[in-house]
Amino acid sequence: MNTFLARSWLARVLLFVFAVVIAAFFVTPLLWLITAPFNTQANLAVTIPSNPSLANFEAVYNNKFAMRALFQNNLIIGGGVMVLVAGVATMASYGLSRTHVPGRDVLVYVLILFSSVVSGTAAMVPIFLLVFRLGLIDTYAGVILVMTGGLLPSAIFIMRDFIDSIPRSYEEAALVCGASSLRVFRDVALPMVRPGVVVVAIWAFVNAWGAFLIPSVLLRSPDRMPASIASYSFYTEAGTPNLTLLSAYAFLYTIPVLVLYLIVNWRFGFRFFGGIKS
Amino acid sequence: MGPGRVAWPPSLLERNVERKHAIFPARVGIIFLTPTILFVVVFLLYPFVRVFLLSFTNQTLLGTTAPNPEFVGLANYQRLFDPDRWMRLGEFGSALEITVQFVVGSALIGQAGLGMLIAWAFYRKRGVLREAVFTLVILAWIIPETVVAFTWVAFLDWEFGTLNSVLDTIGLGRPDWLFDRPLHSIILFNSWRGTAFSMLLFSGALETIPPSYVETAEVVGANAWQKFRDIFFPLLRGHILTDLILITLWTFNVFTPFLLTGGGPAKRTELVSIYTYRTAFMGRHEFGKGSAIAVVMMLINLTLALIYLASIRRRRVT
């Protein structure tokens, strides 16, 4: 019995040590983001400011270009992607779940396969020329459509988890009472899958919010650049960053992502959509 | 949340006969699916076909070949695979080699290894410790990529960086990470960035194991390693395979290290994704050559995706 107690005590200590090491590895690269913004003499070191100040944020606030990137361009792009992805994905997964469309299996197969194949920088070469031909280079619409295309397959899959979990009896009852299919979708099914729509919308927004590659390829004018690219405006022409302002800006840019993560975690639990149910 | 991808569940591939009956006629289904079909055709299928055609031309963004690209046959491919020079730094073969090292180091060893270790350590445990570790790992995954690139530049800095402060304190010296060990730097960075996916996948998979299996093993006195080898590993084989294929696929295409090193110094961290970007979107904007690289990348992606689909299909049959 004593050896058993000793072993379980040892296991606890080991787990604690392991947790501390892992937590340290994951948190230390982020410490700079927490200390530097409040330090008017920030360098690349993590130093707790002796005189914490909000002066850096004030200076960032006066940079019109960077502020427009964050509060206008990011919101337009993120909002557009959010609405399109959530709307189109909800319709698609509802259609896949509640009807037997001929060729459905082919569509699902194409979605899975090609969303993995046509991605990243490789996909940007033909997509740039497509957007160019559509006359959408340097427009919000071009960025929003391309991002939506990239996020849609995964969004459909996340949404399907929610749609499959709602009972069909309400929809069937409404149909028997003579409701049209649009009405059944809008007034019966949609209120029940609202949590799913919210999760997909937030997921899409967060992805669009942080994106760098797509806007960097498709946008030209500084006026339309999102924050991921505008961050580089805190570099001098010689390529040295103004660390105090850069860190404050990065801090502001990160906050919405953290807030949305907390909301999702608290309201729905950070459920992981990883193909575990099968 | 997190990066734009999630693992596809095997159940998505179920055939019609296995599914529940339809509520609406097919006509209604087509209306619901039309927007998706449009997006798939325009942003997935069309680019896939177009990139093949482009790879046989000398299309550029500027200059005379911009409006009137010429057919050049396999010239772009010959330039990529030219045996005399393709393994030099900044060429295609070298980029492929660096990418393979990056995928093996950061995805297969770093992310999958760390993810499994964390998931296993906290198996059937609840509490502050688990919450704290999981939250930090997930934070590294969801913070915008430019922001994590900035914080890592600070973290790895030779003079002021936190990493070197720690290493110096325990007597391990001050390596100049981004200059002398750039590949190690981006491998470490990407392991940090992407562990969350594997951790969440494995911890979800571990929960599907019936507790009675583990309890029985504990009663007969199995140690941790025996439990892992004889219970967890055989039951999780399918999930491990899914994880390894998917993170290989994504890491092969990842672009974020560009924000940390720009592919340098001296092209020593030029991954294939960065090589494509530099060819097509910087300098002379050579879309023809860029397309040839993209075709090779997409064929590698296609192979990995087909292996993945075959593996989940086989799992469903058995």
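**Rings, and one buried lysine**

Start with B:Arg130: its charged end sits over the ring of B:Phe134, 4.2 Å from the centre. That label needs NZ of Lys or CZ of Arg within 6 Å of the ring centre and within 35 degrees of the ring normal.

Ground rules now. This is a predicted model, where local features need pLDDT of at least 70, side-chain atom pairs count only at pLDDT 80 or more, and totals for chains, interfaces and linings use all residues. Residues are numbered from 1 along each chain as written, chains are lettered from A and ligands numbered from 1 in the order written, and side-chain values use heavy atoms, without hydrogens and water.

Chain B next. It has 13 helices and zero strands; these are DSSP runs numbered from the N terminus, helices being H or I with at least four residues and strands E with at least two. The C-alpha atoms of chain B fill a box of roughly 75 × 70 × 35 Å along the principal axes. Of its 318 residues, 57% are buried. Buried means under 20% relative accessible area, exposed over 50%, partly exposed in between, with a 1.4 Å probe and protein chains only.

How many aromatic pairs does the structure hold over all chains? The total is 39. Rings of Phe, Tyr and Trp (its six-membered ring) pair if their centres lie within 6.5 Å; planes under 30 degrees apart are stacked, over 60 edge-to-face, the rest tilted.

Take B:Phe56 and B:Phe71: tilted, 6.5 Å centre to centre, 40° between the planes. Both lie in the loop between helix 1 (26–54) and helix 2 (75–81) of chain B, 15 residues apart. B:Phe56 is partly exposed, at 24% relative accessibility. B:Phe71 is exposed, at 67%.

Now back to B:Phe134. Its ring and that of B:Phe122 have centres 6.3 Å apart and planes at 90°, so the pair is edge-to-face. B:Phe122 is in the loop between helix 3 (92–121) and helix 4 (128–142) of chain B, B:Phe134 in helix 4, so the pair ties together parts 12 residues apart in sequence. Both residues are buried.

Last, B:Lys289, in helix 13 (residues 287–317) of chain B. B:Lys289 is buried yet has no salt bridge, meaning a side-chain nitrogen of Lys or Arg within 4 Å of a carboxyl oxygen of Asp or Glu. The nearest side chain of opposite charge is B:Glu286, 4.8 Å away.

Technical notes. Lys, Arg positive; Asp, Glu negative; His and termini not counted.
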